[in-house]
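Biologist: I am new to this structure and would like to take a close look at a single part of it. Please walk me through that part slowly, and then through its surroundings.

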Amino acid sequence: MAEPLRPFRLRGCAGPQKFGVAAGSLRGLLRKGCRLLQLPLPGSRLCLYEDGTELTESYFRARPRQTELVVLGPGQSWRGCASDIERLLAAFCSQQDAVVEAARRLLTDERAPHRQKLLADLIHNLSENILAENKEDDKKWFEGLESRFKNKSSYLRHSCESRMRGYMREVSGFISNVHPAARDAYRGIIELMADKLKSVKYNGCYFDRREDEEAARLCTAEGWFSCQGPFDKDECPCKHSINPYSNRESRILFSTWNLDHIIEKKRAVVPELAEAVKTRDGREVNWEYFYQLLFTLDNLKLVHIACHKKTNHNLSCDKTRIYRKRKQTHEIS
């Protein structure tokens with residue numbers, strides 16, 4: 001006895017056109033789909049549109065009527081809805097100017113506030129020029145900046161360097177709180193830190209998307225930064241992300257993000273350094289440990305301003321790393 005026909009919606013992976021097809025078996029449905037899409041039957045298969053799950057005969061019989069399926073020919077693949085999104089984004093990239101112009105035309109006649117905002121956001125996002133690096137390729141991005149900045153990376157490196165210099169000034173300014181007998185030693189440590197910072201160009205590479213500075217960067221090669229969340233959680237709950245290379249507005253907004261010290265600079269690190277110098281009693285202060293806490297990603301993370309906790313973190317320095325271990329010396333008798 002023949003199986004009753006059940007209706008499905010079929011489409012290929014290369015386009016959105018759909019076909020209504022009825023069949024009583026998986027093999028029969030696949031045969032009809034291949035005929036419609038002009039695909040060879042050997043090596044072809046059917047999968048679910050939403051997640052790419054490949055159909056078996058038993059799974060086919062369990063699917064409800066009008067399920068949307070994708071017919072795949074030999075060598076073709078389908079990753080669910082993500083495949084459609086990739087195709088849509090590719091179309092946007094290839095026809096970006098036309099999409100922006102069409103959205104602008106719609107916006108001139110649109111009266112609904114919500115749709116107006118959606119169109120305006122679309123135009124804004126599609127008008128981004130993320131890959132542009134030099135001033136002549138994206139002049140609007142550089143509006144309001146000093147003329148000495150000729151490319152985006154140089155400005156963002158300068159921004160990071162300015163933050164590091166600010167941290168250094170805070171460490172230097174704390175010297176009035178250091179015990180008078182320990183101030184010369186404290187100054188010596190400041191000089192060592194300053195020399196190290198200069199040697200690494202004030203860690204400006206943290207905000208640099210250049211591929212030759214892959215190590216220790218906060219951003220991706222394209223320039224995207226992600227909020228690393230409150231200090232006591234694994235990740236940002238709101239999934240904040242930004243690309244300051246994209247447009248002028250994003251560049252300005254990015255300046256409000258914080259490089260947050262996990263072990264706090266003012267409350268913990270600098271006072272602990274001053275105390276270590278005061279009570280060293282002939283021991284050598286491990287200034288490089290304090291340098292890591294003050295100026296490197298060992299103790300710094302990028303945080304959206306809304307995720308920046310202003311309360312006391314209640315974290316302290318590692319007491320076992322404050323002083324260097326003395327090297328053993330052996331006299332020859």
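Which helices and strands each supply at least two residues of the lining of the largest pocket?

Modeller: Please keep in mind that this is a predicted model. The elements that each supply at least two residues of the lining of the largest pocket are H6, E7 and H9, and among the contributors E7 gives the most, with 4 residues. The largest pocket itself has a volume of about 340 Å³, and of the 16 residues that line this pocket, the closest to its centre are Asp260, His261, Lys265, Lys266 and His308. Sorted by class, the lining consists of 9 charged, 5 polar and 2 nonpolar residues.

The buried residues of H10 are Trp287, Tyr289, Phe290, Tyr291, Leu293, Leu294 and Phe295.

Between H9 and H10 there is a loop, and Asp281 lies in it. Although Asp281 is not a glycine, its phi is positive, at about 50°, whereas most residues other than glycine have a negative phi. Asp281 has a relative accessible area of 72%, so it counts as exposed, the cut-off for which is over 50%.

A second residue with a positive phi is Asn203, for which the value is near 55° and which is likewise not a glycine. Asn203 is found in the loop between H7 and strand E5 (225-226). Asn203 counts as buried because its relative accessibility is 7%, and the cut-off for a buried residue is under 20%.

Finally, the cysteines deserve a word. A search of the whole structure finds 0 disulfides. Cys160 is in no disulfide, and the nearest cysteine sulfur, which belongs to Cys205, is 7.4 Å away, whereas the cut-off for a disulfide is within 2.5 Å. Cys160 has a relative accessibility of 0% and therefore counts as buried, and Cys307, with a relative accessibility of 8%, counts as buried too.

Methods
Residues numbered from 1 in each chain as written. Predicted model: local features only at pLDDT ≥ 70, side-chain atom pairs only at ≥ 80, totals over all residues. Heavy atoms only, no water. Buried < 20%, exposed > 50% of the residue type's maximum accessible area, 1.4 Å probe, protein only. 1 Å grid on protein atoms, 1.4 Å probe; cavity = no way out; pocket = protein on both sides within 12 Å on 5 of 7 lines; lining within 4 Å. Points joined across faces, edges and corners; volume = space filled by probe spheres on them. Nonpolar A, V, L, I, M, F, W, Y, C, P; charged D, E, K, R; others polar.
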